[in-house]
Amino acid sequence: MKIHKTDCVLNEYTAEELNENQQDLLQKAHRICSDAYAPYSMFKVGASLVLKNGQIINGSNQENVAYPSGLCAERVAIFNAGANFPNQKIKQIAIVAHADFNLNKPVMPCGACRQAMIEYEQRQGEKIEVLLQGNKGNIFVSESVSNLLPYAFECEELKKS
Ligand code: THU
């Protein structure tokens, strides 16, 4: 028998401990989050990412009365970047959540969003830093998406182009 084990490391910071770029990106995520379209869950998520050329791309969750037709904020943002700036690497993504209950701890991205984000990280061959915050409170920082998704689905055969 052999054990396979891995760590998921999250660094927790107060807002004041973050650098200016990180604080700016989080603010942008909070701004876009307020305009999320989430009339069914009342749970708003905002995602702002910054590209290598400095361009900011924002996304928020977009729900639909046919529930599975909606999409998470992270995928709205990352697919937008992939579609509009296919050759620009993504440096950082800030993800925040607002709810009408107290959310003073970060909300972790769902599995589907981690899978979508990891593909961009692998394609660009450079880590994407992930910043996570609730309504307010401390921020979790992951140095990469792969840190958040150990043992990710990868299939070299499917990647043949
Ligand atoms: N949601 C996101 O936008 N991102 C996630 O990572 C998890 C969940 C959205 C989907 C849905 O509109 C609402 O949050 C409640 O699940």
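This report walks through the cysteines and the aromatic rings of the structure. The model is a predicted one, and residues are numbered from 1 along each chain.

**Cysteines**

Let us begin with sulfur. A disulfide is a covalent bond between the sulfur atoms of two cysteines. A search of the whole structure finds zero of them. For Cys-110, the nearest cysteine sulfur is that of Cys-113, 3.7 Å away. Because a disulfide needs sulfur atoms within 2.5 Å, Cys-110 is in no disulfide, and Cys-113 is in none either.

**Aromatic pairs**

Next come the rings. A pair of aromatic rings is described by the distance of the centres and the angle of the planes. The count comes to three aromatic pairs, and the table shows two of these.

| Pair | Centre to centre | Angle between planes | Arrangement |
|---|---|---|---|
| Tyr-40 and Tyr-67 | 5.6 Å | 40° | tilted |
| Phe-79 and Tyr-120 | 6.4 Å | 40° | tilted |

Where do Tyr-40 and Tyr-67 sit in the chain? Tyr-40 is in the loop between helix H1 and strand S2, and Tyr-67 is in the loop between strand S3 and helix H2, so the pair links distant parts of the chain, 27 residues apart. Tyr-40 is partly exposed at 37%, while Tyr-67 is exposed at 60%.

Phe-79 in helix H2 and Tyr-120 in helix H3 also link distant parts, being 41 residues apart. Phe-79 is partly exposed at 40%, but Tyr-120 is buried at 14%. Tyr-120 has another neighbour as well: Arg-123 lies over the face of its ring, 5.3 Å from the ring centre.

Conventions
This is a predicted model: local features need pLDDT of at least 70, side-chain atom pairs count only at pLDDT 80 or more; totals for chains, interfaces and linings use all residues. Side-chain values use heavy atoms; hydrogens and water are left out. Rings of Phe, Tyr and Trp (its six-membered ring) pair if their centres lie within 6.5 Å; planes under 30 degrees apart count as stacked, over 60 as edge-to-face and the rest as tilted. Helices (H or I, at least four residues) and strands (E, at least two) are DSSP runs, numbered from the N terminus. Buried means under 20% relative accessible area, exposed over 50%, partly exposed in between (1.4 Å probe, protein chains only). A charge sits over a ring if NZ of Lys or CZ of Arg is within 6 Å of the ring centre and within 35 degrees of the ring normal.
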